[in-house]
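Dear colleague,

I am handing over a structure for you to look at, and my notes on it follow below. Please read them alongside the coordinates.

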Amino acid sequence: MAMVFINKAVLMQYVHSMTLLTLQQLATTLLIHFARVMGYTKARGFNVETAKRLILVSLFYNANVAFALASLKGVNIPMYIAIKRLTPLAVLIAGYFSGKGIPTIQVTLSVILTAAGVIIAALGDFSFDLFGYGMAFTSVFFQTMYLVLVERSGAEDGLSSVEIMFYNSVLSLPFLLFLIIATGEFPDSMSILFAKSTSLSFLVILILSLVMGIVLNYTMFLCTIVNSALTTTIVGVLKGVVSTTLGFVLLGGVQVHALNVTGLVINTAGGVWYSFAKYRQKMKNKLPKLMSDSEAHRK
C-alpha cells in the first residue's frame, strides 16, 4: 500500500521512472549479495542454468513495473489501484489455459465481481486519461504473467523468494540499463537526481522507495510461492481498501463521483468474498484430515 503513495510522491518530483526502477533493482542486487557473503541468508549463488529459466520472470516483472510507473503519471491513485485489481481475473484466466483448471464457483464469482467493480469505477472517472489507462492495463497483463511464472518456479525449481528476487534483480539490470539509454533518460536523469539529492525531503522519499521496493518484492514472491498467484493478487485487492480511501484525499487529482465510489465498493466486496471462499475451502480440506487423525487415535 505504501509503495503506491511513495512512488507517486517521487514521480511528482522526479519523472524519470525507468531510472528509479533501475536504482531499485541495483539496491536489491547489492543487498542480497552482501547478505549472502556475510551469512545473513542461505540463498544460493548465481547459477547460469537457473538464470536461463528465470529470464522471462525478470522481463515480465520489469515490464509490469515500468508500465505501472508510467500509468501513475496520468491516472489518479484510486483508479490506478482499481485497474490493477483486474489482475485476479487475468490470473484466473491464465491459470485455466495453463492447465490448473477452474477454481470453485464462489472463488470464480468473487473474482468476476472484483473485475465488474473496476469497470463501474472507470465509468465514473471524469479525469480519464487514455494513455494512463492503457499503461495500467498493459501492466496488469505483465503482472499476471510473472506471478504465474514465479508460482511455477517456486514449485518446480524449489527456489526461495530471496533467490527468485536476486535472479530477478540481476537479470533486470542489463535490460534496464539499455532501456534508460535507449529512451534518452540517461545521463540527464542522473544529473537531475544528483541535483535533487540536496533536498532532504526528496532524499527521504527516494530512500523509502528503494527500501520499500525490496520489502514489497520479497513479501510478494514469498506469498506467491507459499500460496498461489491468484491469492497474491486478491491480497492486493484487500489492501486497496485503505489505500483507495487515502488516495481520494492525498496527492490530489481525484474527482469523486457516485459511480467510481460504487465501483470501488463492489471491487472491495469481491476481494472480501474471495477471502471468505478460500477460508471455507481450506476448512473443508482440513476436515477430512482431522477426521482421519481422530479415527487413527481411537484405533
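Where pLDDT is low, the predicted coordinates should not be read in detail. The chain averages a pLDDT of 76, with 79% of the residues scoring at least 70.

This is a predicted model, in which local features need pLDDT of at least 70 and side-chain atom pairs count only at pLDDT 80 or more, while totals for chains, interfaces and linings use all residues. Residues are numbered from 1 along each chain as its sequence is written, and side-chain values use heavy atoms, with hydrogens and water left out.

As for helix packing, the axes of α8 (residues 161-182) and α10 (residues 200-226) come within 8 Å and cross at roughly 125°, the axes being lines fitted to C-alpha atoms over the stretch in contact and the angles running from 0 to 180 degrees between N-to-C directions. That makes α8 oblique to α10, since angles under 35 degrees count as roughly parallel, over 145 as roughly antiparallel, 65 to 115 as roughly perpendicular and the rest as oblique. On the α8 side the contact is made by Ser 161, Val 162, Ile 164, Met 165 and Asn 168, and on the α10 side by Ile 214, Asn 217, Tyr 218, Phe 221, Leu 222 and Ile 225.

Finally, the peptide bond from Phe 186 to Pro 187 is cis, with omega near 10°, and Pro 187 is found in the loop between α8 and α9 (188-196).

Best regards

Note on methods
Helices (H or I, at least four residues) and strands (E, at least two) are DSSP runs, numbered from the N terminus. Contact means heavy atoms within 4.5 Å. pLDDT is the predictor's confidence in each residue, from 0 to 100.
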